[in-house]
Amino acid sequence: MVRGQFHFDLDTLQDKVMELGELAKEALNTAMNGLRSKNIELALQVIDDDQRADDLEEEINDFALMLITRQQPVAVDLRRIFVSIKIATDLERIADHAVNIAKSTIRLGEKERTVTLEDLETMFQNAYEMLSIVMQAYKEEDLTLAKQVAEMDDTVDELYGKSIREFIAYIPEHPQEIAQTTQMSLIARYIERVADHITNIAENVFYLVKGKHYLLNE
């Protein structure tokens, strides 16, 4: 009976992590919609809603600690709890980067943009898909999906490098747009960091299943 309750609690912990994943996805999507449409209200919404992700991460940590102290889990269950905490941390930081994108959108304002969003869009679409895939990998303990995420991160890194080179080349020819170019460069960096956190989650899925640490983004 006690063991059955413990496994129910482990499932509850996983559900909370999945919920945090959905909040992170929602924050990213809203932040990018705000950037695309120059919608300051959407950007402010992302900032206002971030507390939900912060609160849920704290709830996950408290719940995990309760499981450890009350249930004295065996090694495999302890690993599951540990991974849940680690993944929650990465998800909360992903939500923070959505906030950073929103803040850049506010700084850019509603004026016309001369810097293209094309590469940023491709980076974002890759990162957003990565997040969906990695949460499925976590839920199903699917290493094939986790490995796919790591491979997709290479594409994001390549696009990030390309974007930064283009921004650097653009500034001398358009010095009046340095503020706009700087914010776009920052947004590219935030998306690249999102992809890195997602890769961290994929590595933790490997640890969950295999009990060993693997570096997937080297």
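Let me begin with a term: on a 1 Å grid over the protein atoms alone, a cavity is a set of points where a 1.4 Å probe fits but cannot get out, and its lining residues have an atom within 4 Å of a point. Grid points are joined across faces, edges and corners, and a volume is the space filled by probe spheres set on the points. Rolling a probe the size of a water molecule over the atoms shows where empty space is left.

The structure before you is a predicted model, in which local features need pLDDT of at least 70 and side-chain atom pairs count only at pLDDT 80 or more, while totals for chains, interfaces and linings use all residues. Residues are numbered from 1 along each chain as its sequence is written, and side-chain values use heavy atoms, with hydrogens and water left out.

I turn to the cavities. How many cavities of 30 Å³ or more does the structure hold? There are two. The largest cavity has a volume of about 120 Å³. Among the residues that line it are Leu23, Thr30, Asp49, Arg52 and Ala95. Helices, here DSSP runs of H or I with at least four residues, are numbered from the N terminus. Of these, α2 gives the largest share of that lining, six residues, and both α1 (2-37) and α2 (40-71) supply at least two. By class, the lining of the largest cavity has six nonpolar, two polar and four charged residues; Ala, Val, Leu, Ile, Met, Phe, Trp, Tyr, Cys and Pro count as nonpolar, Asp, Glu, Lys and Arg as charged, and the others, Gly among them, as polar.

The second largest cavity holds about 40 Å³ of space. Its lining includes Thr116, Leu120, Ser163 and Phe167. Two or more residues of this lining come from each of α4 (118-140) and α5.

Next, consider how α5 meets α6. The axes of α5 (residues 143-173) and α6 (residues 178-210) come within 9 Å and cross at roughly 165°; axes are lines fitted to C-alpha atoms over the stretch in contact, and angles run from 0 to 180 degrees between N-to-C directions. The two helices are therefore roughly antiparallel, a term for angles over 145 degrees. Their contact comprises 19 nonpolar, three polar and seven charged residues.

Finally, the aromatic rings. Rings of Phe, Tyr and Trp (its six-membered ring) pair if their centres lie within 6.5 Å, and planes over 60 degrees apart count as edge-to-face. Two aromatic pairs are counted by this rule. The ring centres of Phe82 and Tyr207 lie 6.0 Å apart with planes at 80°, so this pair is edge-to-face. Phe82 belongs to α3 (residues 75-108) and Tyr207 to α6, 125 residues apart, so that the pair links distant parts of the chain.

Terms used: Angles under 35 degrees count as roughly parallel, over 145 as roughly antiparallel, 65 to 115 as roughly perpendicular and the rest as oblique. On a 1 Å grid over the protein atoms alone, a cavity is a set of points where a 1.4 Å probe fits but cannot get out, and a pocket is an open set with protein on both sides within 12 Å along at least five of seven lines; lining residues have an atom within 4 Å of a point. Rings of Phe, Tyr and Trp (its six-membered ring) pair if their centres lie within 6.5 Å; planes under 30 degrees apart count as stacked, over 60 as edge-to-face and the rest as tilted.
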